[in-house]
Amino acid sequence: MEGLWQSILELISRLVIPDWGELIGLLPLGLAGLVVLWFTWTIRRFATAGPTRRAPARLTPIAPPGIHMPGPSYAPILAAVGSAALLWGLVVGGNALLVGATILVFTLLYWGREAIRDYDHATHTETLPAVVHPGPPPGVHMPGPSFRPLLGAIGATALMAGLVAGGWVLAAGAIILVVTLIGWLVDAREEYGKTEKADRTGHLENIPAPGWPRRLLQGIAVVFVLAVLVQTGVIPPRGTDTTGGVESSPAPSGGGGAPGTAFTVVAKDIAFDASTLVVPANTPFTIQFENQDPSGVVHDIDIRAADGTTVVKDQEIVNGGVSTTYSYDGLPAGEYIFICSIHPIPQMTGTLTVK
Ligand SMILES: [Cu+2]
């Protein structure tokens, strides 16, 4: 028997000689096949499990009475898309950031709109018995609901934006905040009057919940947007004013012209209209400086050494819409730069050649 078995094995081993190296190499493929089989089996089980095994049809969940469940919504998905757009903007930078932020804001606005609609719907189908608030204890007065705190926050935000942007935005922010605070005072006065009256009549009227102050919000939005547009120079359109045509004396442009001692430099849209000035060595000179930017946008024309940091002459800043004459002492021959210390950018930097 043993001999027979051995001879059979010998015969088979002649036909099948396993190559263990190759077999081990095939192991990952085999495992992958098993995973695919398992997934196929699972998917098939789900596909065939079907509703018929559990119930005739899928039931929509019914919330218990008095409990409201929000309906299905695309808002979370949209908000995720908006967040992804914002993050992408953070990676890419520039305009992509603006686009991403805009998308996120719009998705969140959509979500908020949906939530408000849901809320309105839920409050309209209210079937619970009306709750009667007993009110505060006698002698205690509670102020009624008010939009003023929200408006105050908006006004304060506008004011802060104005502190950053300056000029018209600052004015608009101050107006919005003052209007809000005055409205708040008027409300408080009215409320005080009612409370005082209640002391005499013994009957304190409930202060009704106010409606959305649509007109006021629209007014605030219009004022703020207008201020931003004026401040950024979108309106009134630039380029139509005629004040820019009074260039005189040595033309401060062209590069390497004849040295002069009196120049006119105009600052507009946060840029100088001159990039090159040439003056004689050891000779005082002046610059008639016109700041044609809006009020709140200040500039100056400092002289610095060619390294861009060593200040040779520091001048007072000039507000938008104001002109002044800067005087400079004579300088030793060499290359200098003239620069706006508020905006040390290429558009507000030029070379000053002293020779
Ligand atoms: Cu400047």
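Q: What makes two strands count as a pair, as β4 and β7 do?
A: Two strands pair if DSSP finds at least two bridges between them. Strands are DSSP runs of E with at least two residues, and helices are runs of H or I with at least four, both numbered from the N terminus. β4 and strand β7 (residues 334-339) have four bridges, in the antiparallel sense, and in one of them A305 has Y336 of β7 as its partner.

Q: How is the confidence of this model expressed?
A: This is a predicted model, in which local features need pLDDT of at least 70 and side-chain atom pairs count only at pLDDT 80 or more, while totals for chains, interfaces and linings use all residues. Residues are numbered from 1 along each chain as its sequence is written. pLDDT is the predictor's confidence in each residue, from 0 to 100. The mean pLDDT of the protein is 82, and 82% of its residues reach 70 or more. Over residues 239-256, pLDDT stays under 50.

Q: How do you know that β4 and β5 pair?
A: Strand β4 (residues 302-305) and β5 share two bridges, in the antiparallel sense, and at least two are required. I303 has K313 of β5 as its bridge partner, and R304 stands opposite V311 in β5. The two strands form a hairpin with five residues between them, and G308 in the turn has a positive phi of about 90°.

Q: Why are β2 and β5 placed at the edges of the sheet?
A: The open sheet has five strands in the order β2-β8-β7-β4-β5, with mixed pairing. β2 (276-279) and β5 (311-313) each have a single partner strand, so one side of each lacks a neighbour in the sheet. From one strand to the next, the twist averages 35°.

Conventions. Axes fitted to C-alpha atoms, helices over the stretch in contact; angles between N-to-C directions. Contact = placed C-beta atoms within 7 Å.
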